[in-house]
Amino acid sequence: MAAARVLLLSGRPESVSFAQSVCGLLGAGPGLGPWPTYCGLKRGELVLSDRPFPGASARLPLQRPPFCPFSALDQQPRAPGAELPTNRGVDLAVAVVLQSSDQTVLLTRRTQTLNVSPNLWVPPGGHVEPDEELLDGGLRELWEESGLQLPQGQFSGVPLGLWESAYPPRLSWGLPKYHHIILYLLVISQESQQQLQARIQPNPREVSALMWLGPDVAAAVAATEDGTETPRHLPQDLPPSVLAVELEENGGARPLVLPTSTLLRTTPATADSKERVSTGTKFALRLWLQHLGR
């Protein structure tokens with residue numbers, strides 16, 4: 001694990017310990033959030049504060065899932081033997097919400113063999129390298145996972161929000177082994193979905209399928225917020241399925257008709273690797289729809 005990459009500013013920047021809730025340290029209350037947070041990137045480190053500070057580049061919504069294990073650990077005594085790493089910090093990741101000119105966004109399904117979040121639908125993304133700018137890191141991850149390189153001058157980027165991520169995602173699955181702050185970055189391409197799709201060459205070690213999601217289905221997926229007790233009312237005219245592309249073992253690809261209900265699943269109480277959209281991705285889709293004015 002890399003050195004601590006997430007710092008909190010209170011007088012001077014200080015590293016956040018792996019076991020600490022970033023949202024909690026920034027004053028998050030018992031509600032669902034999000035909480036407006038000032039942030040700045042300096043030499044590959046993300047500096048966060050609940051107040052403006054010199055060098056802050058954005059004020060972004062920060063959120064965590066209602067069942068965040070680090071929040072739960074803050075509120076209950078630790079069981080004997082239930083120790084978390086003391087020599088690790090919180091890592092930094094970036095995820096690219098790639099929007100086509102016809103207003104669809106790209107999601108990829110992580111392969112079942114990955115150690116972290118297998119079989120989840122997420123935007124392309126991963127760790128930010130030391131001394132790497134956030135946009136550069138996002139575009140690198142986009143290329144590594146999808147094979148897409150966006151021509152210079154034909155896209156723009158804007159940060160959407162920050163997500164506190166843990167894996168496993170619930171304490172009922174076991175103690176967390178990974179702790180990240182994910183920056184969701186909206187990258188708006190001047191190319192259409194068809195033009196982008198024609199150039200996609202997914203990395204089969206990380207990606208098992210991909211899809212382009214439009215605003216209507218994205219709104220339904222975003223509305224199935226994990227951890228809320230009151231079910232949302234979904235649109236009556238929601239399509240029963242969406243079209244995706246699935247990779248084959250021989251390196252080819254085939255159309256995949258995916259039941260929309262698969263995308264509406266929430267995080268189960270017990271560990272499993274059922275196909276679903278990650279909770280952080282639902283947060284990102286809500287922010288994307290707000291950006292569209294939907």
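Modeller: Happy to. Let us begin with a word we will need throughout: a residue is called buried when its relative accessible area is under 20%, exposed when that area is over 50%, and partly exposed in between. Please keep in mind that this is a predicted model.

Now to the serine. S21 is found in the loop that runs between β2 (12-15) and α1 (22-25). Is S21 buried or exposed? Its relative accessible area is 1%, so S21 is buried. What does S21 touch, if we leave aside its neighbours within four places in sequence? The residues in contact with S21 are then R64, F70, S71, D74 and E164.

Next, the nonpolar cores. The largest nonpolar core has 36 residues, and V22, L48, L98, L106, L150, L162 and I181 are the members that touch the most others. We can look around one of them, L98. Apart from neighbours within four places in sequence, L98 is in contact with T104, V105, L106, L142, L148, L150, V187, S189, L196 and W212. There is also a second, separate core, with 33 residues, and L160, W163, V242 and L263 are among them.

Let us turn to the aromatic rings. How many aromatic pairs are there? The count comes to 4. One of them joins Y167 and W173: the ring centres are 6.5 Å apart and the planes stand at 80 degrees, which is why the pair is called edge-to-face. Y167 and W173 are both buried.

Another edge-to-face pair is made by Y184 and F283, with 6.5 Å from centre to centre and 70 degrees between the planes. This pair links distant parts of the chain, since Y184 belongs to strand β11 (residues 178-189) and F283 to helix α7 (residues 279-292), 99 residues apart. Y184 has a relative accessible area of 3% and is therefore buried. F283 is buried too, with a relative accessible area of 1%. Together with W163, the residues Y184 and F283 form one aromatic cluster.

The charged end of R170 sits over the ring of F67, 4.1 Å from the ring's centre.

That brings us to charges that meet each other. The structure holds 8 salt bridges. In one of them, R109 pairs with E246, and the closest N and O atoms are 2.8 Å apart. R109 lies in strand β7 (residues 105-110) and E246 in strand β13 (residues 241-247), so this pair links distant parts of the chain, 137 residues apart. Both partners, R109 and E246, are buried.

R109 also meets E275 in a salt bridge, at 3.1 Å from N to O. This pair again links distant parts of the chain: E275 is in the loop between α6 (260-263) and β15 (276-277), and it is 166 residues apart from R109 in strand β7. E275 is buried, as is R109.

For a local pair, look at E144 and R140, whose closest N and O atoms are 3.3 Å apart in their salt bridge. Both lie in helix α3 (residues 134-146), 4 residues apart, which is about one turn of the helix. E144 is partly exposed because its relative accessible area is 31%, whereas R140, at 19%, counts as buried. Returning to R109, salt bridges that share partners join R109, E246, R254 and E275 into one network.

Technical notes:
Residues numbered from 1 in each chain as written. Predicted model: local features only at pLDDT ≥ 70, side-chain atom pairs only at ≥ 80, totals over all residues. Heavy atoms only, no water. Phe/Tyr/Trp six-rings, centres within 6.5 Å; stacked < 30°, edge-to-face > 60°. Buried < 20%, exposed > 50% of the residue type's maximum accessible area, 1.4 Å probe, protein only. Helix = DSSP H or I, 4+ residues; strand = E, 2+ residues; numbered from the N terminus. Lys NZ or Arg CZ within 6 Å of the ring centre and 35° of its normal. Salt bridge = Lys/Arg side-chain N within 4 Å of Asp/Glu carboxyl O. Contact = heavy atoms within 4.5 Å. Core = buried A, V, L, I, M, F, W, Y, C linked by side-chain atoms within 4.5 Å.
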